[in-house]
Each structure stands twice: as structure tokens, then as C-alpha cells.
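User: I have a few quick questions about this one. Can we go through them with the model open?
Analyst: Go ahead.

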Amino acid sequence: MEKGGIKVLITILSVLIIAAGVILAYKIIQNKNNTETISGEENKGTIVVEKEKTIQIFNGNDRPFAVMIDNHSDAWPQAGLNQAYMVYEIIVEGGETRLMALFKGADLDKIGPVRSARHYFIDYAMENDAIYVHFGQSPQAQSDIKKFSINDINGIAEDGTTFWRVKDKYAPHNAVTSTEKLLESAKNKNYRTTSKEESVLNYVTDEVNLEDGQSAETIIIPHSDLQTVTYEYDAENKVYVRYARGEEQTDWDTDEPVTTKNIIITFCNNYTLSDSENKGRQGLKNIGTFDGYYITNGRAIKIQCIKNARDEKTVYQDMNGNEIQVNDGNTFVNICPTNADVEIEGTEEVTGTTNTVNE
């Protein structure tokens, strides 16, 4: 073959290779676009491309911190509750309740006031694969932390930099911490700071409206004669505003109201421990299947709350045995006695009547 013919052949082959590359690149882009949702605005002649939705409240591989939060009236207001993806509220001695706030991938300069550990809160730290944070502990909690090899950060045992006391509250209601300091402490203790565990709740990206549920605009939860929690529905923002003992709860620094997208109520009994200290500390009968409610977007459904072991995840099911779908937002889990006179009140738009449920 003459040199001119060879040049022509090389040119043709080059063009074919380039064309094949362009086609391959086009197919790769098309396959990627197939994972996106495309909606056309025909009247405007434009196409809007939206990426696939992902859960926002629980993402990333950061291991959560489960922080014990003081809920005595002298500890109010508290810092960080609005940034927690879940908050558990359970009764402690004297009819008080204590909160355990869970943070994942958060960046907070102040969390607290931090208070001492109680052993049954450890169950919910374990099911969230969380590092347990507290300032002191009951004898039962101290025993269980050792028994279950809990990765914990105890303010009393720290070096004085992880926690600090503020001057606008008085002890024991003034110990605070930050996510930066907690992460430093966890790394110094060689704790695992990442987690591949899935969330306890079955979050979904599509809005959950509980159309078959009952109207739920005001929820009243009496944990004890001392502590009654009320949630009022803010229909404009689709969240519940939290009140305790008739007082709106607000953030310590921003003064913004404490709100939640989801509320879970679990009915299970507490009891007074018999121990040498006689401080009226409580136990919790939380292993088994318990009645409850899931409440979101102004409506409520009855559910069952199933926890088979202390270190196993709680499963929340509807009355047909299906795991409930939960809105992508923060959640308060209120665990209260079975004889608590819980009220769920709401005005049905269709009938205009008020529906009150007492359990």
C-alpha cells in the first residue's frame, strides 16, 4: 500500500476511535441521568433536572453521640435539642424526666446542661450505636456501662476540658459540652467514631401524612404528677412546638422554640428500685411489645413498639404489623407509664368535631 493510502487509513481509524469514545461518553452520561428525576415545564420550554432525594436527618458515617440532658426546671432552657435527630424522654426519680439527645454529624458549640446516667437510657444508646455521654452516673448505670462495654464519656472522669460549667446557671444544672470536645475525647479514648449502622427509624423522603389516622393538633403526655409534656401543632411549618409544665421550651442561646417533626409515644411501666441508696431511682420494663402512637403532620396512628433485647433496635409497627414510615425530620420519643392519661386532640377538617383519645 502506498504512503498516501496508509495516511488515509490511519485518518479513518482515528475518526472511528474518536466517534466510539464520544458514543461511550454519551451512554455513561445517559445512564447517570437515568438515576435522576426529570420534570418538564412544557409551557416554558425548559427541563428541570432534580437529583434523587436522600434522607437528611440521618446520613453520613459519623457515629452518634447520645447525651444525657438535664430536664429539671432549673436547667431550662437547654442547648442543642433542635439539632438532635432523636430525643428520648423517660422518667427518673422524684417524678422528673430526663432527656437523651442523639447527635450525628452535628457541629454544636454548646450542648446541655449535661446530667448523670441512668441504666435504662443505655438501652437506647446501644440501639443507636452511640457513644454515651453523661456527667456522673447511678450505681446501676455504672454497672451496666461495664457489663455492656459501653463507649462512654463521663464528665466527672474527664480532664476538665471536655465539659465546663457556665455562670448563668448553678450546679448541678450548669455542665455543658460541645461536639468538638466530645469528638476529641472519643479519639483520645480510641473509640470508634464512625458507624455503618442503619437508623432505628424507617425514614422516607416522601411526605408521610397518616391519612388514615386521627387528627392530632394537641398532644398531652403526663409522665408523672410533676412532669406533663404538651405538643402543639404548627400547621404552617408542619412541626410540633414543645411545652413542659405549661411553659414553652426554648433554645438556650437562640430563644427559638423547641420543635419536632415526629412524636413517638411508648407505653411501658417504670418502677422504684430497691437499693442501699434509697433515692427512689427507677427501673423500666421496656423489653417486649408495647402500645404506642406515631404522630406527625397533625395526625396520629396507633402503633406497637417492639424491643426484644436491651441491645437490639426497637421496631415500630402499625397495627397491621408493617414497620411504620417516618418523616425525614427530628423525633421526640416519649416513654411513659401505661396508665398515663395521654390526650390526643384535634379538629377534623371534614366534620369540624373535636376528637379526644385517652389511653
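User: Is Cys268 buried or exposed?
Analyst: Bear in mind that this is a predicted model. Cys268 has a relative accessibility of 2%, so Cys268 counts as buried.

User: And what about Cys336, buried or exposed?
Analyst: Cys336 is buried, at a relative accessible area of 1%.

User: How many disulfides are there?
Analyst: The count is zero, taking a disulfide as a pair of cysteine sulfur atoms within 2.5 Å. For Cys268, the nearest cysteine sulfur belongs to Cys336 and is 8.1 Å away, and Cys268 is in no disulfide. Seen from Cys336, the nearest cysteine sulfur is that of Cys268, and Cys336 is in no disulfide either.

User: OK, switching to helix H3. Which residues are buried there?
Analyst: H3 runs over residues 139–147, and Gln140, Ala141, Asp144 and Ile145 are buried in it. These residues cover an arc of only 135° around the axis, so they lie on the same side of H3.

User: Last one: which residue with a positive phi follows H3?
Analyst: That is Ser149, with phi near 50°.

Conventions. Residues numbered from 1 in each chain as written. Predicted model: local features only at pLDDT ≥ 70, side-chain atom pairs only at ≥ 80, totals over all residues. Heavy atoms only, no water. Buried < 20%, exposed > 50% of the residue type's maximum accessible area, 1.4 Å probe, protein only. Helix = DSSP H or I, 4+ residues; strand = E, 2+ residues; numbered from the N terminus. Arc of directions from axis to C-beta.
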